[in-house]
Amino acid sequence: MKYKNYLLLPLLFCSHFCFGQEQDLSLRSEVGVQYRFNKKSNLNFSYRLDLIENVSQFQRANISLAYEHNLTKWLQAELYYRLITNHKQDEHRFRIALSAQEKVFRKTQLQLRTLLQHDVDYFDAEYLRTYKPELIWRNRIMLKRDLPKKFSATIYTEPFFSESYKGFNLYRLRTGATIAYEKKRWKYTAEYFYQTEFYFKQETQHTIGVGARYDVTRVLRPKKKNRKRENSKNEIGE
């Protein structure tokens, strides 16, 4: 259908629009666990380490907690908290997000996500009394393709808008690709994205991300055995 082809235009446009002067290679390595309450809700906990300056300098460590809930078959909501630290100063990040997905081709999904986030430095009463959050508005468009042997691949682009007295202004643009592999309770991911900054000075960043997540649901909540089958086996044995 024609409208599906038009949805791909932002991806192509943003990939050509990304350019810059100063460039840097950074690395993000992340490990996490997931717990599924039921088919609609799950909780994710993760730790991430960020390196910058061509992977030669520590930037920060991140501890994250996210709660996801499926509102419908195609709409999902997320509440997210992250503690960011460089071992000298801490920062607290909060997010709320809505994401939607629709199958557009065979084994291919189109996913849209809108997200609001803001950071807080301290939680003491004096600081919070005068604190005015600077909202960041992020919108991501992504195509996901299921591949053979439990692999999947995605491509995406995501503009970042910062709130000011003039409203929301574009200050960052990110375009990237991800490949994932799932085996039993593990999910492994490898990602590359190209990011352009527009806020103070124009600069670009190449980032490689690797991650692993383990599903602890069956470990914390073992699958219940079927009592009727056990009783029937016992009767046969007798």
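Of the 238 residues in the chain, 32% count as buried, where buried denotes a relative accessible area under 20%, exposed one over 50%, and partly exposed anything in between, for a 1.4 Å probe and protein chains only. The model is a predicted one, in which local features require pLDDT of at least 70 and side-chain atom pairs count only at pLDDT 80 or more, whereas totals for chains, interfaces and linings use all residues. Residues are numbered from 1 along each chain as its sequence is written, and side-chain values use heavy atoms, with hydrogens and water left out. Residues 24 or more positions apart contribute 45% of the contacts in the chain with a separation of 6 or more, a contact being heavy atoms within 4.5 Å.

The chain contains 5 helices and 11 strands, taken as DSSP runs (H or I of at least four residues for helices, E of at least two for strands) and numbered from the N terminus. The 11 strands close into a barrel in the order S1-S2-S3-S4-S5-S6-S7-S8-S9-S10-S11, with mixed pairing; two strands pair if DSSP finds at least two bridges between them. The twist from one strand to the next averages 20°, with axes fitted as lines to C-alpha atoms (for helices over the stretch in contact) and angles running from 0 to 180 degrees between N-to-C directions.

Strand S1 (residues 25–36) pairs with S11 in the parallel sense over 10 bridges, and within this pairing Ser26 stands opposite Thr207. S1 also pairs with strand S2 (residues 41–52), here in the antiparallel sense and over 10 bridges; Val33 has Phe45 in S2 as its bridge partner, and S1 and S2 form a hairpin with 4 residues between them. Strand S10 (residues 186–197) is joined by 12 bridges to strand S11 (residues 203–215), the two running antiparallel, and Thr207 in S11 is the bridge partner of Phe193.

The charged end of Arg172 sits over the ring of Phe160, 5.1 Å from its centre, a charge being counted over a ring if NZ of Lys or CZ of Arg is within 6 Å of the ring centre and within 35 degrees of the ring normal. Arg174 lies over the face of Phe193, at 4.3 Å from the ring centre.

Ring pairs also link Phe151, Tyr181, Trp186, Tyr188 and Tyr214 into a cluster. Phe151 lies in strand S8 (residues 151–164) and is partly exposed, with a relative accessible area of 34%. Apart from its neighbours within four places in sequence, Phe151 is in contact with Asp146, Ile179, Ala180 and Tyr181, while the C-alpha atoms of Phe151 and Lys183, 32 residues apart along the chain, are separated by 9.5 Å.

Thr217, located in helix H4 (residues 217–220), is buried, with a relative accessible area of 0%. Neighbours within four places in sequence excluded, Thr217 is in contact with Gln34, Tyr35 and Arg36, and a polar atom of the Thr217 side chain lies 2.9 Å from the backbone nitrogen of Arg36.

Terms used: Polar contact = N/O pair within 3.5 Å; in protein donor to acceptor, adjacent residues only side chain to side chain. Phe/Tyr/Trp six-rings, centres within 6.5 Å; stacked < 30°, edge-to-face > 60°.
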